[in-house]
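Open the model in your viewer and switch to a cartoon view. This tour tells you what to select at each stop.

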Amino acid sequence: MSTTLITGASSGLGAEMARQLAARGHDLALCARRTDRLEELCAEILGAHPDVRVAVRALDVTDHDAVFRVFDEFRDELGGLDRVVVNAGLGKGQPLGTGRFDANRQTAETNVIGALAQTEAAAAIFRAQGHGHLVMVSSFSALRGMPRNITTYAATKAAVAHLAEGFRADVHGTPIKVTVLYPGYIESEMSGTSARTPLMVSTEKGVRSMVEAIEKQKASAVVPAWPWVPLGFVVKRLPVGLLRRMA
């Protein structure tokens with residue numbers, strides 16, 4: 001079984017990924033800003049799966065020096081890292097030009113520069129040990145520029161997808177693999193008002209599809225596949241007026 005590091009693991013998709021991977025026998029390195037939740041999650045996982053190793057650390061991914069330090073500490077404690085899931089992110093945002101550059105900047109700094117730091121730290125470890133699996137959690141919204149409150153968020157998620165794809169090209173033909181996930185509406189703290197949509201799936205069901213794609217080391221996956229794969233085909237081709245009304 002592999003050792004997987006998950007950032008943003010204190011709640012939502014990250015916490016559920018930890019639960020499901022532990023159930024499959026994976027050792028875990030979990031980090032997030034909220035250490036109280038991490039400790040609760042660690043106790044829950046160890047209670048259900050006592051043979052699994054779980055290490056936890058506090059980490060704010062906008063503290064870039066801390067990202068490199070914590071990743072290295074996890075590697076040393078667990079004897080290596082087979083997989084890193086770049087999951088930590090922020091969903092703030094307001095329409096461009098409405099005076100909320102602060103919110104859009106915070107989202108961009110967390111989701112892009114923070115993800116870059118995580119990817120750099122993971123890539124350095126993978127290159128040194130000669131193998132590894134980078135998993136980038138992007139978003140369905142990255143498939144096209146989106147209006148209103150998610151304009152900046154969608155742009156950041158497109159950026160990190162391209163970041164991961166570029167790294168894949170760099171390490172093509174080596175034992176280092178890269179997966180980019182494009183989740184649709186999966187229930188989580190970040191989903192916010194989107195929870196009212198009939199397209200929303202439970203955290204458990206949505207993450208199950210993410211974990212299956214991760215374990216198969218798919219290059220990319222829109223998850224869950226239904227209805228998000230056909231919707232992705234449609235959204236990429238929608239006239240701008242219809243896209244604005246749907247968003």
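This is a predicted model: local features need pLDDT of at least 70, side-chain atom pairs count only at pLDDT 80 or more; totals for chains, interfaces and linings use all residues.

Residues are numbered from 1 along each chain as its sequence is written, and side-chain values use heavy atoms, with hydrogens and water left out.

**The sheet.** Select the strands (DSSP runs of E, at least two residues, numbered from the N terminus). Seven of them form an open sheet, in the order β3-β2-β1-β4-β5-β6-β7, with parallel pairing. Pairing takes at least two DSSP bridges between two strands. Now pick β3 (54-58) and β7 (220-223): each has a single partner strand, so one side of each lacks a neighbour in the sheet.

**Strand β6.** Go to residues 176-183, which pair with β7 in the parallel sense over 4 bridges. Show Tyr182; Val222 in β7 stands opposite.

**The helices.** These are DSSP runs of H or I, at least four residues. Select α5 (residues 151-170), which packs on the sheet and touches β5 (132-137), β6 and β7. Contact means heavy atoms within 4.5 Å. Then take α2 (residues 35-48), which lies across β2 (27-32) and β3.

**The cavity.** Which residues line the largest cavity? Select Val86, Asn87, Ala88, Gly89, Asn111, Ala115, Met136, Val137, Lys157 and Val160. Lining residues have an atom within 4 Å of a cavity point; on a 1 Å grid over the protein atoms alone, a cavity is a set of points where a 1.4 Å probe fits but cannot get out. Elements giving two or more residues to this lining are α4 (101-129), β5 and α5.

Notes:
Axes are lines fitted to C-alpha atoms, for helices over the stretch in contact, and angles run from 0 to 180 degrees between N-to-C directions. On a 1 Å grid over the protein atoms alone, a cavity is a set of points where a 1.4 Å probe fits but cannot get out, and a pocket is an open set with protein on both sides within 12 Å along at least five of seven lines; lining residues have an atom within 4 Å of a point.
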